[in-house]
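Dear colleague,

Please find below the structure that I am handing over to you. My notes on it come directly after.

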Amino acid sequence: MYNTKYVLLGLIVFLGLFTSPFWANLGSASYERPKLALPADQKECIESAEYMRAEHMQLLNVWRDEALREGKRSYVASNGKVWTISLQNTCMKCHTNKAEFCDKCHNSNSVNPYCWDCHVEPKGNQ
Amino acid sequence: MKRSRRQFLKVASLSVLGLSTQLATGGIVNAAETGEQYQATENGLHAGRWAMVIDTRAFETPEDFAACINACHKAHNVPHIPNKQEVKWLWTDKYEHVFPEQENNHMSEALEKRDFLLLCNHCENPPCVRVCPTKATYKRADGIVAMDYHRCIGCRFCMAGCPYGARSFNFGNPRDYIDMAEINPEFPTRMRGVVEKCNFCVERLAKGLMPACVEAAEGKIFFGDLTDPESEVRKVLAENFTIRRKPAVGTQPGVYYII
């Protein structure tokens, strides 16, 4: 290999720069899941908390299409309970604290869903 | 170990076949699951073809119209914008503008002065659905021409396509013109850059309620299933002379007017 010295040096510099975010964050505290305000008077959501945490966006997407296009506005949960499909009238009736529930997690994950441009925030939030 | 090309191709094609069958059957199982998870509401109203008959003779005072318009606009958080960027779900106009092809000489004074209640006609052949590039506007199986505002990109083709001017564009944020304290918390507003229109109160029909304007009209508007010969609208249509707007364009409106 020609110019071994320079090539190796360049490679080391490149690797150092490329991995710099890892070095910069080495000492800092690890990501902690934000503490969310859960509904006080309800024990369980329509599905398990793990499922809702991971899949609520896909679920809402399917909910919207089924309700608006197919006219199917009832959701049968995996435990057999029937729920009305509505973000405003089902989800937010329990999760009344949008700032401490939706926003907190969305903010710490840098996602900006535009639900509330149209949908009305629950009054409990103001 | 040395492999021939023949052996390699055998193993590779078998693995692809295995993977694809797994994916295909997985997809079928998933589709079957969603089929049972989603159902129509128990107490909802259903029809083969929803239709409305407006008895224009019964609407006499401005208050008669205002009751319906206010009920509609309040139920759906429709902003009141006092200029040409207005948003209309339910509004009124004169005979010559409502039925421009069906004018006649020397009409009765009552007819010339009468106001007519206007809304989306929920056509059988809706041009707005045909021109929508994103399928934000679509026709449901029960004849209601509905909108999914999530999908609307604000291109306004539907406004150009609609022969009845039943669609309004949100030039600005409609919430600037809605009192958010007085809002109906059960229905969303719209946002800047989407088109909106009357939805025949699909959300009320799903709950077993009649449309807001029908309820507020107290018998001056009839609403029901056009495919059911026993329905109220069919009886009213059989007993009265009715016309529809712009029959020549072939859209087959679902809103009938008793003259």
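This is a predicted model: local features need pLDDT of at least 70, side-chain atom pairs count only at pLDDT 80 or more; totals for chains, interfaces and linings use all residues.

Residues are numbered from 1 along each chain as its sequence is written, and chains are lettered from A and ligands numbered from 1 in the order in which they are written.

Between the chains, 19 residues of chain A are in contact with 21 residues of chain B; contact here requires C-beta atoms, placed from the backbone, within 7 Å of each other. On the side of chain A that touches chain B, at least two residues each come from helix 3 (49–70), strand 1 (74–76) and helix 4 (87–94) of chain A. Helix 3 of chain A gives the largest share, six residues. Helices (H or I, at least four residues) and strands (E, at least two) are DSSP runs, numbered from the N terminus. By type, this side of chain A holds six nonpolar, five polar and eight charged residues. Asp, Glu, Lys and Arg count as charged, Ala, Val, Leu, Ile, Met, Phe, Trp, Tyr, Cys and Pro as nonpolar, and the others, Gly among them, as polar.

Strand 1 of chain A also pairs with strand 1 (residues 38–39) of chain B, in the antiparallel sense and over two bridges; pairing requires at least two bridges found by DSSP. In strand 1 of chain B, Y38(B) is the residue opposite Y75(A).

The largest nonpolar core comprises 65 residues, and M52(B), C68(B), L90(B), L117(B), L119(B) and C213(B) have the most contacts inside it. Such a core is a set of buried Ala, Val, Leu, Ile, Met, Phe, Trp, Tyr and Cys residues joined through C-beta atoms within 7 Å. A residue is buried with 20 or more other C-beta atoms within 10 Å of its own, exposed with 12 or fewer, and partly exposed in between. Leaving aside residues up to four places away in sequence, L119(B) touches W89(B), L90(B), A166(B), C198(B) and V255(B).

H106(B), in the loop between helix 3 (95–98) and helix 4 (109–113) of chain B, has a positive phi near 55 degrees although it is not glycine. H106(B) counts as exposed because it has 6 C-beta neighbours inside 10 Å.

Finally, chain A is divided into domain 1 (48–85) and domain 2 (87–126), with bounds from an automatic or database domain assignment. The centres of these two domains, taken over C-alpha atoms, are 17 Å apart.

With kind regards

Technical notes:
Two residues are in contact if their C-beta atoms, placed from the backbone, lie within 7 Å.
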